[in-house]
Amino acid sequence: MTIDLSTVPLVAATVASRQAVATMLNPMKVLPSDNGLPRDWRGLAHLLELSTDVMSLLVSHSDPTMHMLTMLEKNKKDVTIKNFQAIMEQMDRWDIIDDTEALFQSDAERYLEHQQRAQVSADPIDECDKEILTLGDIHRLQQGLETQYYDAFLLYAEEDIDFAKEMVEKLETQFKLKLCLKDRDLVAGVQFEHEAVMKLISDRCNRLLIIVSPSFLKSSANKFFLNYTTALSIEKRQRKIIPCIYKSCELPVQLKYIYKLDYNHKGLSGYDFWGKLRDSIQVPNSIATSSLTKIGNSSTTQEKTTEVKKILSDKYSDIPHITEEANEALKYPRQKSENYKSETIAKANNIKTLNVNSKKNKTLFRWEKITSNWKTKQTKQNNQLTTETIVQNLPSIDNLDSLDLSDTHTYKNKKKNLFSKFTKKRVALKV
């Protein structure tokens, strides 16, 4: 396809094309063209309308044509390849036009390709790029979704990759679980690979699935992630690690007290290795929801029972035995409460009669209550006055005469008088 060279600037010509033009224009030509122009670089300089100073500089230059083309590129002259070919026609240099036609067409194609490629620009990096750790994150963010979450992060040794492939096939294809593998899902170029894996295990993966084998324990990176997840599960109080014994080996301390799934026991009757692994990974959201529903129903029932008790106690507060029996009936389950239905109905029929009698006696009850409270108050006041009087009349320890042990007779008389005083006061207090 022939390209219109009037749309391609002369500066788009490659170094090879310029060198070919310079090789043919640099030699001096004696015979001028039909219009009197020199048929070498001087004719090109004249048609480009270069100044006298530049012309004097070109005379002493070893490659004047290449120097002129470089000046056009720096000065950003709007000279196209088609314009250059027209200049060559005026100079009667048809040989240059024919020899450079193929070179200029190739340069034009390359120039248009670069121009078309420049039309499309890459998206700038924003804050979301920091959250992109896996290939799934890229596809989800393009759809306006949150970052990818996984059921488990699969950790294994390179020597056990065949068993890892079998596990991925079973869990993802058959059981529809979402696994995260470092070699498959991690985005290339992530800085601090260990930090990215730690963030995935901590925040974006529910479990850490480990294929335990002698090769696994030889890897220092695997030991690091195992220690990190162990500390994480203790901190969050969460069942985080699921070890699968692929080959027998001496287990580290972190795994000795954790229940493990042994792949070598899959042949035993009733031992469904893949089923147990699936159930161990899955988060039982449905069970949690049903439990919350039951708790909500029980709390609603309890609230209704409390409300009924409050209504009965408010309505029949003046009939103590009715209120107590109603509360006792509410304590029994539904199947037992049927036995008390007839008794409750019979007692309810007598409520009106009891209410009438209670209204008549209400005034008497209130008067007796006021009288009782007044008597109690008077008794307390009298007792308080008596106690204060007795306490005031008791002898003070500070006023007691000091006991002189040197005179035995005097000591006995004082002791006898002191005890007689306390005895009399104590009898008065009792009366």
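Both faces of strand E4 are covered, with Ile241, Pro243 and Ile245 buried on one side and Ile242 and Cys244 buried on the other. Here buried means under 20% relative accessible area, exposed means over 50%, and partly exposed lies in between, with a 1.4 Å probe and protein chains only. Helices (H or I, at least four residues) and strands (E, at least two) are DSSP runs, numbered from the N terminus.

The model is predicted, so local features need pLDDT of at least 70 and side-chain atom pairs count only at pLDDT 80 or more, while totals for chains, interfaces and linings use all residues. Residues are numbered from 1 along each chain as its sequence is written, and side-chain values use heavy atoms, with hydrogens and water left out.

Strand E4 belongs to an open sheet of 5 strands in the order E2-E1-E3-E4-E5, with parallel pairing. The edge strands are E2 (179-181) and E5, each of which pairs on one side only. Two strands are taken to pair if DSSP finds at least two bridges between them. On one side, E4 pairs with strand E3 (residues 205-212) in the parallel sense over 5 bridges. Among these bridges, Leu208 has Ile241 of E4 as its partner, and Leu209 has Ile242 of E4. E4 also pairs in the parallel sense with strand E5 (residues 261-262), over 2 bridges. In that pairing, the bridge partner of Ile245 is Asp262 of E5.

With a disulfide defined as a pair of cysteine sulfur atoms within 2.5 Å, the count comes to 0 disulfides.

The side chain of Ser213 makes a polar contact with the side chain of Asp160, at 2.4 Å. A polar contact is a pair of N or O atoms within 3.5 Å; within protein, one must be able to donate a hydrogen and the other to accept it, and residues adjacent in sequence count only if both atoms are side-chain atoms. Helix H11 itself contains Phe216, which is buried, also with a relative accessible area of 1%. Phe216 and Tyr156 are 60 residues apart in sequence, and their C-alpha atoms are 6.2 Å apart in space.

The largest cavity has a volume of about 100 Å³. Among the 12 residues that line the largest cavity, the closest to its centre are Leu10, Val11, Ala13, Arg18 and Leu69. Helix H1 (15-25) and helix H4 (64-75) are the elements that give two or more residues to this lining, and H1 supplies the largest share, 3 residues. By residue type, the lining divides into 9 nonpolar, 1 polar and 2 charged. For this count, Ala, Val, Leu, Ile, Met, Phe, Trp, Tyr, Cys and Pro are nonpolar, Asp, Glu, Lys and Arg are charged, and the others, Gly among them, are polar. On a 1 Å grid over the protein atoms alone, a cavity is a set of points where a 1.4 Å probe fits but cannot get out, and lining residues have an atom within 4 Å of a point. Grid points are joined across faces, edges and corners, and a volume is the space filled by probe spheres set on the points.

Two loop residues complete the survey of backbone features. Glu49 has a positive phi of about 60 degrees although it is not a glycine. Glu49 lies in the loop between helix H2 (41-47) and helix H3 (52-59) and counts as exposed, at 69% relative accessibility. Asp92 also has a positive phi, near 60 degrees, in a residue other than glycine. Asp92 is placed in the loop between helix H5 (81-90) and helix H6 (94-119) and counts as partly exposed, at 23% relative accessibility.

Technical notes. 1 Å grid on protein atoms, 1.4 Å probe; cavity = no way out; pocket = protein on both sides within 12 Å on 5 of 7 lines; lining within 4 Å.
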